[in-house]
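Subject: Structure for your review, with notes

Dear colleague,

I am handing over the structure below, and I would be grateful if you would look through it with the notes that come after it.

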Amino acid sequence: MKVLVTGANGMLGKAICLQTAPADVELHAADIVGAQIDLDITCPTAVREVIHSIAPDVIIHCAAYTQVDRAEEEPDVAYRVNALGSELVALTADRVAAAMCYISTDFVFDGAKRAAYHEYDEPNPLSAYARTKLAGELAVARHCRRHWIVRTAWLYGEHGRNFPATILRAAREGRQLRVVADQTGSPTYARDLARAIWRLIAHAGYGTYHIVNLGSASWYELARRTLDAAGLYDVPVQPIPSSDWPSPARRPAYSPLSSLRGPAEGLPPLRPWQDAVSEFVSHVRKEQP
Ligand SMILES: NC(=O)c1ccc[n+]([C@@H]2O[C@H](COP(=O)([O-])OP(=O)(O)OC[C@H]3O[C@@H](n4cnc5c(N)ncnc54)[C@H](OP(=O)(O)O)[C@@H]3O)[C@@H](O)[C@H]2O)c1
């Protein structure tokens, strides 16, 4: 199977390309700069040239504008990458009969359900970033016949900036930790998601899937678990309400994801989030003892 990965230098892109790619896959890694292939997904000519010349069986589309707060100031920049860029990739994928896997987010939901969201719940994005990601979903569904839309949440991993890594760094530097305790979601290890995506594109029918580690947590619980997994039981974390940590973008207060589609397709659930955090911490400690 020939697979093109966009956004290959990002957190999920690296987990897909460097940590979990099956040996029998012919992998083509693209990013806006610094990957095996330079590809700006907002440039129609470049998208057509790269996709036509590779003629992949599958495109795993990890390229995205992911700065949730900054998107409030520059929504058009975010739309250009997440909606227009995804649409260009979808149109060209369809032209060369490639299947496309688009990565989306729990932030497409508003949190009002107060229970886990499954694939058939109605999106209602609260932020500019979330609106651009939903626009990307719709464009992919409209323009690429063979597509998967994978909604995931609260990603962390060994590559790139993320919450558990920030907590470990802050604890090492002796900083005081105050963490929001009234937002709940599904923390997900990029390595687990990457393995699930390889399984999905090899075995599952097209459509929308929610893929996250099992269970739910607040940011406070995620911080506590990360520190405990690192043996830093004595480092205090102060739980605070989100009103004490104002941010430009509105986020859903309750957005854990569940899946009806995955089990129906025989996809195994990912392990509990607590176990995934423990493995993440052990990898980080091997690299920075
Ligand atoms: N991180 C999360 O918590 C989370 C949660 C739910 C869903 N997701 C979704 O999961 C996917 C992967 O996220 P991630 O955390 O791995 O993001 P990431 O680390 O920001 O990676 C995105 C990659 O796309 C690249 N990119 C940006 N603009 C591009 C363009 N015009 N053309 C080509 N590449 C471009 C980025 O390059 P630069 O770094 O140079 O901009 C980066 O390498 C995204 O679709 C995201 O929306 C993420």
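The notes below take the sheet, its helices, the ligand, and then a few individual residues.

This is a predicted model, in which local features need pLDDT of at least 70 and side-chain atom pairs count only at pLDDT 80 or more, whereas totals for chains, interfaces and linings use all residues. Residues are numbered from 1 along each chain as its sequence is written, and side-chain values use heavy atoms, with hydrogens and water left out.

The sheet

An open sheet is formed by 7 strands in the order E3-E2-E1-E4-E5-E6-E11, with parallel pairing; strands here (E, at least two residues), like helices (H or I, at least four residues), are DSSP runs numbered from the N terminus, and two strands pair if DSSP finds at least two bridges between them. At the edges are strand E3 (37-38) and strand E11 (207-210), each of which pairs on one side only. E6 and E11 pair in the parallel sense over 4 bridges, and Val 150 stands opposite Tyr 209 in E11. E1 and E2 likewise pair in the parallel sense over 4 bridges, with Lys 2 opposite Glu 26 in E2. E1 is mostly covered, since 4 of its 5 residues are buried, where buried means under 20% relative accessible area, exposed means over 50%, and partly exposed lies in between (1.4 Å probe, protein chains only).

The helices on the sheet

Helix H4 (residues 128-143) lies across E5 and E6 and runs at about 160° to E5; for such angles, axes are lines fitted to C-alpha atoms, for helices over the stretch in contact, and the values run from 0 to 180 degrees between N-to-C directions. The buried residues of H1 are Met 11, Leu 12, Gly 13, Ala 15, Ile 16 and Cys 17, and what covers them includes E1, E2, E4, E5, strand E7 (155-156) and helix H6 (190-203). Within H1 (residues 11-19), Met 11 counts as buried because its relative accessibility is 19%. Leaving aside its neighbours within four places in sequence, Met 11 is in contact (heavy atoms within 4.5 Å) with Leu 155, Tyr 156, Gly 157, His 159, Arg 161, Asn 162 and Ala 190. The C-alpha atoms of Met 11 and Glu 49, which are 38 residues apart along the chain, are separated by 25 Å.

The ligand

The ligand is surrounded by 25 residues, of which the closest are Leu 12, Asp 31, Thr 66, Tyr 129 and Lys 133; a residue is taken as near a molecule if one of its heavy atoms lies within 4 Å of it. H1, E5 and H4 each supply at least two residues of this shell, and its largest share, 3 residues, comes from E5. As for polar atoms, a nitrogen atom of the ligand is 3.0 Å from a polar backbone atom of Ile 41, while an oxygen atom of the ligand lies 3.3 Å from a backbone N or O atom of Ala 64, and an oxygen atom of the ligand is 3.3 Å from a polar backbone atom of Ile 103. The protein covers 77% of the 890 Å² of accessible area that the ligand has on its own, with areas taken from the Shrake-Rupley method with a 1.4 Å probe.

Individual residues

Where does Arg 151 lie, and is this residue buried or exposed? Arg 151 lies in strand E6 (residues 147-152), and Arg 151 counts as buried because its relative accessible area is 4%. A polar contact of 2.9 Å joins the side chains of Arg 151 and His 210; a polar contact is a pair of N or O atoms within 3.5 Å, and within protein one must be able to donate a hydrogen and the other to accept it, while residues adjacent in sequence count only if both atoms are side-chain atoms. Beyond its neighbours within four places in sequence, the contacts of Arg 151 include Ser 104, Glu 119, Glu 137, Tyr 209 and Leu 257.

Two residues deserve a look for their backbone angles. Most residues other than glycine have a negative phi. Ala 97, in the loop between helix H3 (75-95) and E5, has a positive phi near 60° and is exposed, with a relative accessible area of 52%. Arg 114, whose place is in the loop between E5 and H4, has a positive phi of about 60° and is exposed, with a relative accessible area of 54%.

With kind regards
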